[in-house]
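Please look over the sequence and the model below.

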Amino acid sequence: MELQGFATRQGFRGLKAGCDTRALDRFLSSFVQCLYDTGGSKTTAKLGILAAQRHCIAFGALPLAWRCLSTWQLEEPPCSRRPLPRGLLEAMVVIARAWALSTEGCESYLWWATAVALAVGFCTLLRPGELLSLTKDRVVLPVQIAGDAWCPGVVVLINPKNKRFMGTRQFALVEEPDTVRWLEWWTAHLPPQAPLFRMTRVQLSTRMDQLLSFLGCRGLRFTPGSLRAGGATHHFMTHRDIGRLQYQGRWRSSATLSCYLQEAVAAAAWGTIPPAARHFVVCARALYKLTAVPPAFAAPAVHGKQRYRHRAEE
């Protein structure tokens with residue numbers, strides 16, 4: 001741990017229960033300053049302070065350390081996630097489905113999960129943690145569509161990030177028919193409380209990087225957080241309705257959303273894709289509608305943490 005290493009280098013022996021909180025506060029403020037001076041992470045600084053508070057039983061007694069961290073945060077403007085363009089998303093989903101069909105076992109399951117997760121995250125504007133924590137019993141899909149009427153699916157979120165302002169139980173709509181069909185296929189044989197995606201954020205990020213590299217878009221800094229930013233940008237540019245977008249994305253205020261969108265749109269969608277790769281992306285995207293219907297066989301099932309298999313078609 002970086003905090004322990006820093007304490008060793010500084011000769012500080014106060015990282016223990018019952019220590020002098022003033023000395024600990026001064027030590028932690030110097031730890032934060034050291035990270036700032038050497039280009040370290042604010043997250044490392046925050047986790048270090050929290051760990052010291054818990055280990056040393058010094059809750060609420062470290063004003064200097066927290067003030068240093070707050071000053072650091074104020075000096076660096078917030079950076080919005082780069083929005084993932086809709087066209088690039090569709091190309092990534094197509095390639096993920098193709099790789100899922102051409103692989104077996106664990107790899108096949110993870111590529112199917114990636115394809116479904118990308119589409120769901122973009123459509124519902126979920127944060128990565130919210131997306132990967134979904135379980136089947138929190139996904140409500142339309143049982144029947146009467147005539148030409150369209151009934152969207154609903155995703156239920158329990159204790160999301162903004163629960164302090166928006167409530168501990170929130171909802172997001174799955175408004176795209178293609179995504180609803182794939183969710184029906186993906187969840188058909190899952191037990192009620194089973195996770196929708198047995199994959200970590202690192203695994204999702206790694207597979208996004210592989211897809212982007214294959215499409216010639218390496219180094220564009222798209223992350224799982226880009227799904228929410230990209231979905232919001234696409235929604236706004238399609239409907240031009242701030243109120244509807246605010247409801248779908250569960251933003252606290254329209255003012256916050258307006259600033260968010262201005263920064264996101266300015267990040268420049270298709271303009272970030274290299275010209276040499278753009279034709280390849282367009283060709284892959286053209287296959288998106290052709291793969292709108294899930295395959296005839298059942299979705300792959302996962303048992304335990306390491307065993308993956310395909311269910312036999314019933």
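What follows is a short walk through selected features.

This is a predicted model: local features need pLDDT of at least 70, side-chain atom pairs count only at pLDDT 80 or more, and totals for chains, interfaces and linings use all residues. Residues are numbered from 1 along each chain as its sequence is written, and side-chain values use heavy atoms, with hydrogens and water left out.

Start with the strands. Helices (H or I, at least four residues) and strands (E, at least two) are DSSP runs, numbered from the N terminus. Two strands pair if DSSP finds at least two bridges between them. Strand 1 (residues 139–140) pairs with strand 2 (residues 153–158) in the antiparallel sense, over 2 bridges. Strand 2 also runs antiparallel to strand 3 (residues 169–174), joined by 6 bridges. Val154 shows both contacts. Val140 stands opposite Val154, and Leu173 is the bridge partner of Val154 in strand 3.

Now the aromatic rings. Rings of Phe, Tyr and Trp (its six-membered ring) pair if their centres lie within 6.5 Å; planes under 30 degrees apart count as stacked, over 60 as edge-to-face and the rest as tilted. The count comes to 14 aromatic pairs. Trp112 and Phe297 have ring centres 6.3 Å apart and planes at 70 degrees, so this pair is edge-to-face. Trp112 lies in helix 6, and Phe297 in the loop between helix 14 (275–285) and strand 4 (300–303), so the pair ties together parts 185 residues apart in sequence. Buried means under 20% relative accessible area, exposed over 50%, partly exposed in between (1.4 Å probe, protein chains only). Trp112 is buried at 1%, while Phe297 is partly exposed at 28%. Trp186 and Phe197 are stacked, 6.4 Å centre to centre with 25 degrees between the planes. Both of these residues are buried. One aromatic cluster takes in Trp112, Phe297, Trp186 and Phe197, together with Tyr109, Trp182 and Trp185.

Charges meet rings too. A charge sits over a ring if NZ of Lys or CZ of Arg is within 6 Å of the ring centre and within 35 degrees of the ring normal. Arg207 lies over the face of Trp111, 5.5 Å from the ring centre. The charged end of Arg228 sits over Trp251, 4.1 Å from the ring centre.

Last, the backbone. Most residues other than glycine have a negative phi. Leu125 has a positive phi of about 60 degrees. Leu125 lies in the loop between helix 6 (105–124) and helix 7 (128–132), and is buried at 1% relative accessible area. Arg250 also has a positive phi, near 60 degrees. Arg250 is found in the loop between helix 12 (242–249) and helix 13 (254–266), and is buried at 4%.
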